Amino acid sequence: MAVASAGQLNLKEAPAWGSRSINCFEKLEQIGEGTYGQVYMAREIQTGEVVALKKIRMDNEREGFPITAIREIKILKKLKHDNVIKLKEIVTSPGPENDEQGISDGNKYNGSIYMVFEYMDHDLTGLSDRPGMRFSIPQIKCYMRQLLTGLHYCHINQVLHRDIKGSNLLIDNNGILKLADFGLARSFCSDQNQSLTNRVITLWYRPPELLLGSTVYGPAVDMWSVGCIFAELLNGKPILPGKSETEQLNKIYELCGSPDESNWPGVSKLKFWPTLKPQRPMRRRVKEFFKNFDKHALDLLEKMLTLDPSQRISAKDALDAEYFWTDPVPCAPSSLPTYEASHEFQTKKKRQQQRQQQEELAKRQKISHPQQHVRLPPTQTGPGHIPLRPGPNQPMPNPQPPVPVGPNHHYAAPRGPGGGQNRHPQGVRPLHAGQGAGYNTNRGYGGPPQQAGGYAAHGMGNQGPRGGAYGVRGAGYPQAGSYGGAAGGRGPNVGGGSRGQPFGWEQ
Ligand SMILES: Nc1ncnc2c1ncn2[C@@H]1O[C@H](COP(=O)(O)OP(=O)(O)OP(=O)(O)O)[C@@H](O)[C@H]1O
């Protein structure tokens, strides 16, 4: 697997704009709806190849072509890795287009522009939300390792993703996971304290340094999000589903303890410290909240959810963590089961329809408790396998739900070496407001409601640094147990990346 050396990217080179028309493709169905525009599954007429078309929304753009799209194209043209989505080409439509209802897309620039991507069968959120879906521990390890491998590649190529969340992690039916949606990504210089906006990353996955107003930062911001995804996979639902930035920080304090100058030197100098600092000292309770996670999973999680970004584990070091090297080791992607296509947009739509039907039924029956959406924790068996009977390590109900994630939440029980459990939600996207903060890492790399607070919500081979082979599947693990929490959908993109705005000034 290609791991590019630092400096390999030339982000200044203009992307090669496609000369082909959208008419070379036949749209099959809509699979995504983002701040950016719609995403369609489509077929290339000549070759029959199935692709994903992402339409670049122009209607909000007072300043011409959106800078986020320019960044995404430039960055994706240069990133070439099995765990990063491949941008195949750009195509244009000759004139204004109509949607399925025949309504004009309102594009004052007449033509539309589409990014053509390789098609991926699922996103992690859509896959997780499939009814009855449960991941196995080797499967979670497999996804986590691919996520870290792709992110490590981005970081050594001086690209920050800045919107890691389940719906931006695409998975195909060969078990390959790819990082997607580079609309908020930025190139960064590890040796310069460039100021970047702190209004990035979907709220639930946003690290404390950004919430506290830091504008000089680096790869550690993505590693916080990875920690949230990891815990969510093991936990069965999002771990920090804040509804506002203040609530988000409070949830972080409750879980990770209160930051202070002793555990995070410099924290009290951050812009929003005076208003958003913890109201009382709180102790770190990660181990307590997730006591059913196995030891190696917890060790790694602790290092990802480290408050001080300069002490947070890097993607490279995470790949070396014992977690990935103890049984059950990550399974090979090709050994994972295949699933019917599942994208967040579709699973959400299906859920909405189901809810409506249930509400109607309840109205008719004068009962008002429509069923909540439930996510299941991981199994302890092989990938994708649903045991018929719970095993001895069935997850125990948490006596006191640690993180305010929802009613009836049960955590999966610890299992043998290396186990975890999982599942998750989503968040909101920040608007780029403005600048960035410092990032002081000692490390090698240069080191969610959906909108809140005025933001627009809106290979494998995958070997880690140790290069080991995939191996053992975790056969014979006991089932992780039932998971009762309501998944609560994907959270607010509160303050996530600012996509729907004029962007020229955003960092
Ligand atoms: N290459 C692809 N293959 C299959 N599905 C895709 C692909 N790219 C995107 N999608 C689907 O479309 C959704 C939205 O895509 P993307 O995140 O790139 O758009 P966006 O406008 O930036 O959305 P958001 O504002 O939610 O981040 C994804 O979550 C995924 O379900």
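Trainee: Where is lysine 54 placed?
Mentor: Lysine 54 is in strand S3, residues 50–56; strands are DSSP runs of E, at least two residues, numbered from the N terminus. This is a predicted model, where local features need pLDDT of at least 70, side-chain atom pairs count only at pLDDT 80 or more, and totals for chains, interfaces and linings use all residues. Residues are numbered from 1 along each chain as its sequence is written.

Trainee: Is lysine 54 buried or exposed, and why?
Mentor: Buried, because 24 other C-beta atoms lie within 10 Å. The cut-offs are 20 or more for buried, 12 or fewer for exposed, and partly exposed in between, with C-beta atoms placed from the backbone.

Trainee: Which residues is lysine 54 in contact with, leaving aside neighbours within four places in sequence?
Mentor: Tyr36, Gly37, Val39, Tyr114, Met115 and Phe117. Contact means that the C-beta atoms, placed from the backbone, lie within 7 Å.

Trainee: New topic: what is the order of the open sheet of three strands?
Mentor: S6-S8-S9, with antiparallel pairing. Strands pair if DSSP finds at least two bridges between them. S6 (122–123) and S9 (177–179) are the edge strands, each pairing on one side only.

Trainee: And what joins S6 to S8?
Mentor: Two bridges, with S8 spanning residues 169–171. Histidine 122 stands opposite isoleucine 171 in S8.

Trainee: What about confidence, say the average pLDDT of the chain?
Mentor: The average is 75, and 65% of the residues score at least 70; pLDDT is the predictor's confidence in each residue, from 0 to 100. Over residues 381–505, pLDDT stays under 50.

Terms used
Helices (H or I, at least four residues) and strands (E, at least two) are DSSP runs, numbered from the N terminus. Two residues are in contact if their C-beta atoms, placed from the backbone, lie within 7 Å.
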